[in-house]
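Good morning, and thank you for coming.

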Amino acid sequence: MDSRFTRGKSPVLERALGRPRSELSLAAFALLFSELVQYCQRRVASVAELQTRLAQLGHHVGLRALDALVARERPGRRETKVLGVLLFVKGPLWRALFGREADKLEQANDDDRTFYVIEREPVVNTFVSVPRENSSLNCAAFAAGLLEAVLGAAGFPARVSAHWHKGTTLMIKFDEAVIARDKSLEGR
Amino acid sequence: MSRSPGRKQENHKISRELFVLTYGALVAQLCKDYEKDEDVNACLDKMGYSIGIRLIDDFLARSAVKKCRSYSETADMIAQVAFKMYLGVTLSVSCSSATGNEFSLILDKNPLVDFVEELPAERASLCYCNLLCGVIRGALEMVNLPAEVTFLQDRLKGDAVTEIGITFLRKPEDRKHRRN
């Protein structure tokens with residue numbers, strides 16, 4: 001039998017979730033993030049690929065951040081409406097991860113599937129300066145991947161991408177099924 | 001780039017979870033890209049080294065500590081000031097050699113493994129926190145104290161505690177001669 005199951009419980013699993021214990025300095029995260037970006041940059045050939053890689057790493061983080069956060073902030077309740085989950089993202093999620101709420105949440109005028117989370121200066125881009133030849137690179141692709149994972153795991157599959165607009169805009173495009181479900185919930 | 005001096009102590013903090021999960025994502029990506037544990041460990045060490053050579057500047061700027069006069073003061077500084085500043089934990093130091101240039105730092109609580117239960121069976125010799133060794137090595141080298149830093153014990157591999165060993169490469173007497 002796998003030795004894991006016979007060795008006894010790991011102390012990590014016994015710990016209560018509780019409030020997050022501490023905050024760490026931005027410098028440490030910024031240096032780690034810079035190494036992450038440099039590592040990805042060495043293995044890709046284009047800006048789009050680099051953004052995809054960063055999004056994948058953000059995906060990894062988002063999946064794991066959601067469960068613990070929901071258990072702390074919304075115990076016993078799950079967001080079932082699109083607006084609810086978006087407000088959760090803009091407020092508690094952003095505050096728990098980045099220390100402050102996102103600046104704005106907007107809906108596209110012509111499309112009810114598209115929403116925008118706007119931040120003037122995203123935390124992950126604090127010490128990032130983009131050279132002119134790669135000016136389309138936005139390292140907030142990491143945050144975009146994170147958000148995509150969070151929405152997907154919360155039951156609202158969507159595509160999220162990062163753009164340079166009013167600072168940094170994360171464009172969220174929900175799947176058709178999500179919007180249809182939301183409309184039918186409203187009708188009830 | 002001019003900023004009013006009052007802004008220096010702004011809220012430059014991020015959540016511990018974000019940092020820990022980002023580190024985990026990095027290690028997971030490295031494990032996907034490299035088959036051998038030694039390659040992953042070496043890559044983590046190299047990344048840690050490039051972080052360390054920059055981190056030392058930030059550390060010296062923010063902590064305003066005086067120059068350390070001995071290796072044991074340096075080890076204390078790393079364990080109590082630096083780790084507290086960047087990871088929020090304090091380590092205990094012990095000197096493990098008669099010549100006074102080998103030290104070991106014991107980590108009671110390691111924030112990097114907050115969400116790590118144990119290593120998978122096929123990655124048994126992975127040093128999950130090897131980045132820390134690189135960081136310490138890089139930082140020390142930038143203040144002219146070359147050292148070798150490795151993990152002596154690792155809780156993830158079944159040992160009782162997590163222990164980092166620092167071996168300063170220059171003999172302590174050399175430092176005294178240089179100062180005079």
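**Salt bridges, sheet, helix and core**

A:Arg43 is partly exposed, having a relative accessible area of 33%. By that term I mean a value between the two limits: buried is under 20% relative accessible area and exposed is over 50%, with a 1.4 Å probe and protein chains only.

Before going on, a word on the source. This is a predicted model, in which local features need pLDDT of at least 70 and side-chain atom pairs count only at pLDDT 80 or more, while totals for chains, interfaces and linings use all residues. Residues are numbered from 1 along each chain as its sequence is written, chains are lettered from A and ligands numbered from 1 in the order in which they are written, and side-chain values use heavy atoms, leaving out hydrogens and water.

With which residue does A:Arg43 meet in a salt bridge? The partner is B:Asp33, at 3.6 Å from N to O. A salt bridge here is a side-chain nitrogen of Lys or Arg within 4 Å of a carboxyl oxygen of Asp or Glu. B:Asp33 lies in helix 1 (residues 16–33) of chain B and A:Arg43 in the loop between helix 3 and helix 4 (47–73) of chain A, so the pair joins two chains. Helices (H or I, at least four residues) and strands (E, at least two) are DSSP runs, numbered from the N terminus. B:Asp33 is likewise partly exposed, with a relative accessible area of 23%.

Over all chains, the structure holds 16 salt bridges. Another of them joins A:Arg159 and A:Glu148, whose closest N and O atoms are 3.3 Å apart. A:Arg159 belongs to strand 4 of chain A and A:Glu148 to helix 6 of chain A, so the pair ties together parts that are 11 residues apart in sequence. A:Arg159 is exposed, at 57% relative accessible area, whereas A:Glu148 is buried, at 18%.

Let us turn to helix 6 itself. Of its 13 residues in chain A, 11 are buried, so the helix is largely enclosed by the rest of the structure. Among the buried residues are A:Phe142, A:Leu146 and A:Leu151. After this helix comes A:Gly155, with a positive phi near 95°.

Strand 2 pairs with strand 3 (residues 114–119) of chain A over 4 bridges, in the antiparallel sense. Within these strands, A:Gln107 stands opposite A:Phe115 of strand 3.

Finally, the core. The largest nonpolar core has 110 residues, and A:Ile172 and A:Phe174 touch the most other members. Such a core is a set of buried Ala, Val, Leu, Ile, Met, Phe, Trp, Tyr and Cys residues joined through side-chain atoms within 4.5 Å. Helix 3 of chain A gives the largest share of this core, 11 residues. Not counting residues up to four places away in sequence, A:Phe174 touches, among others, A:Phe115 and A:Leu151, contact meaning heavy atoms within 4.5 Å. In soluble globular proteins, nonpolar side chains tend to be buried together.

Key
Two strands pair if DSSP finds at least two bridges between them.
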